[in-house]
Amino acid sequence: MDAIILQILNGLDKGSAYALIALGLTLIFGTLGVVNFAHGALFMLGAFCAVTLNKIFTISYETIDPVRKDFLGNPLKVETPYIFDWFGPDVGTAMIEWSVPLAILFSIPIMILIGLSMERGLIKYFYKRPHADQILVTFGLAIVLQEIIKYFYGANPIPTPAPPALTGSADFGVLLGFDAGSIIYPYWRLVYFVFAAAIIGGVFAFLRYTTFGMVVRAGMADRETVGLLGINIDKRFTIMFALAACVAGLAGVMYTPINSPNYHMGMDFLVLSFVVVVVGGMGSLEGAVAAGFLLGVLESFASMGEIVSLLPGINQIIIYLVAIIILLTRPRGLMGRKGVMEE
Amino acid sequence: MLGLNSKDKTLFLIVLALTMFAPFLLNPFPEGSELAQFNAGYPDLMQRFVIFGIFAIGFNILFGLTGYLSFGHAAFLGVGSYAGVWMLKLLTMNVVPAIIVSVIFAGLFSAVVGYISLRRSGIYFSILTLAFAQMSFALAYSVLTPITNGETGLQLALNDPRILDFDAADGSLPATNFFGIEMRDGFELALGPWLFTFNFGYYLCAVVMLIAFYISIRIFRSPFGLMLRALKTNQQRMRFTGKNPKPHTLAAFIISGMYAGLAGGLMVAMDPLAGAERMQWTASGEVVLMTILGGAGTLIGPVLGAGVIKYFENIFSKINDNVLYNWFSFLPDGMQDAFVFMIHPFIGKGWHLTLGIMFMLVVIFLPGGVVEGGQRLKRLFRRRGGSDSAGGASSAKVHPAE
């Protein structure tokens, strides 16, 4: 039992990332009808927002310590980040340590800007083109974005730690009445899951309870009629694209402490999140979220020692296997809307 | 000739001439000159040109004719490679059985994958093929290690059985051969400052590619090819006329899978080594790039696309800052630095960036790829020349992707 709970918990953080990316993909597909292969790149850009903020905070100047000497007897050079001067050393240290959560604020305007310029600059011209063209051009864009990041940040993963207060692990074993140490779970993954749940809840609430969201939902159902009512639906859809980019970016920001970001992390996630979207059903937001968590948890179950020894290699292929089975038995995915991309 | 009409015959003869004289054509710059690094006439790269040409021709039969976008074609290439290396290990170093077995295995595998994936179309088909390819990749890395040798990759070994070969055990690995002629054999021809390399392996690949190209022309012109185009245009109408599209798509899928296997077989015939990364989805993405860049649905497009991408990969990536400084040495110092700084991200390790930008531009402005670009240029010059009489007929040859 404790092993099962542990695997569910382990699956949740990966599942959260899948769900967030898939949610954004589905938003874009449901509103604009565009298959966005550059969505993984947006996730990656979000992660590099966190890296950038960390770098900005640690920009330092060099001073010579008047008292201390280094081991060669030369005057010791001390690096002092500029923010120490501006906010004092205590606040400065705290800001550097908490740079990942702070990057959420930093990344939102950047991701919205990227999303808007991407939609207005490129995607706009591909509404009417076939899906294959959309896939190809966004695939090209993804290559360009990740190469730009590679040019500026290099090809190696850049470790970006979580705040020290959140680096430990929680012992759920005691909490739930099992042996101590049987369910050890890092705090940050818990944070990630809560964060993802909040974002997902926020997006759903936004669509459900605001006038803007209502118009967008109406536009998703019937774009022409909404346009006939005198509402500029294109503008709202553009904003939704920016929102989707923002969701992907935030997913990336918070993922940096779990996996050090590198330039191709977007592509790695892209393939899986497309599988997630298709399993959930193209155009279904609930489906995307459910499938994200489902596949994340299944993946972590499949990597349990007992199961791997029974079916070797299953942990590598489980997601694809499930995708194939679901696609062949349920043509619309788990919760696909009727009439959206059936055949 | 060979059942081709005059236009196809011209095209085929052009390709024949290009491939046969490639060692000359790809080495236009004298040895040791500034521009010698743009020479692509060395055996390794020429072999890659034609092998990836075959791969792209095969992919085009599926994507160009039927419109089914497969994102998992590299898996067939990988299966072909593994089958080929096993033939070289077990049977003989003669490449003929290896290539034949690669084609057969890739064909069988693509029949299985195609039978399942073709139950869906559109993006679902893309995801299904992607899922199969990623599964094969993951399995080749992990569980199938006894067959694929995992991360190391499958290689020849001294103690392989090779039941048909009786070579003297001199302690070195035997080379792949074609009835006794070794693949790496060749001769060099020095004409003044130029040096041309003629490699036997390349010519074997070239001949195979010509055969593959010929078959693809025949498929494009056959009733079968017409049927494939019909089901790309409108499957429902095709069903109304009483035709079942399924067997035709499956046949196209298997044929293109066999082409991929042929490419994989040739790859190991040239260099007896097979690794799992050949099956990864980025490799599948590459063949998609090649086909689109050249022009999907056209006969010659995929070959051109394969050539362009492989040329970039091997030549562009070798340019470094020193070379740039040499080029711009005629400029004043500040300008020189500025130019080098601006071009630097696009060369060397950054060649992927150039490729990505080029690819995006092609998809946005030239959906028909390089071939469409050529046609537009041709039309432009025609109009300038004022003789528009033969314009319509000659451009009917190619059918750009919709």
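This is a predicted model: local features need pLDDT of at least 70, side-chain atom pairs count only at pLDDT 80 or more; totals for chains, interfaces and linings use all residues.
Local features need pLDDT of at least 70 and side-chain atom pairs count only at pLDDT 80 or more, while totals for chains, interfaces and linings use all residues. Residues are numbered from 1 along each chain as its sequence is written, and chains are lettered from A and ligands numbered from 1 in the order in which they are written.

**View 1. Chain A has 15 helices and four strands.** Helices (H or I, at least four residues) and strands (E, at least two) are DSSP runs, numbered from the N terminus. The C-alpha trace of chain A spans about 75 × 55 × 35 Å along its principal axes.

**View 2. H12(A) and helix H13 (residues 285-302) of chain A pack with their axes 8 Å apart.** The angle is about 120°, which makes H12(A) oblique to H13(A). Axes are lines fitted to C-alpha atoms, for helices over the stretch in contact, and angles run from 0 to 180 degrees between N-to-C directions. Angles under 35 degrees count as roughly parallel, over 145 as roughly antiparallel, 65 to 115 as roughly perpendicular and the rest as oblique. H12(A) contributes Val276(A), Val277(A), Val279(A) and Gly280(A) to the contact, and among the residues from H13(A) are Gly287(A), Gly292(A) and Leu295(A). Residues are in contact if their C-beta atoms, placed from the backbone, lie within 7 Å.

**View 3. At the interface, 31 residues of chain A are in contact with 34 residues of chain B.** Helix H6 (131-153), helix H12 (265-280) and helix H15 (314-329) of chain A each give two or more residues to the side that touches chain B. The largest share of that side, 13 residues, comes from H6(A).

**View 4. Chain B has 18 helices and six strands.** Its C-alpha atoms fill a box of roughly 65 × 65 × 45 Å along the principal axes. Buried residues make up 45% of chain B.

Definitions and conventions: Two residues are in contact if their C-beta atoms, placed from the backbone, lie within 7 Å. A residue is buried if 20 or more other C-beta atoms lie within 10 Å of its own, exposed if 12 or fewer, and partly exposed in between; C-beta atoms are placed from the backbone.
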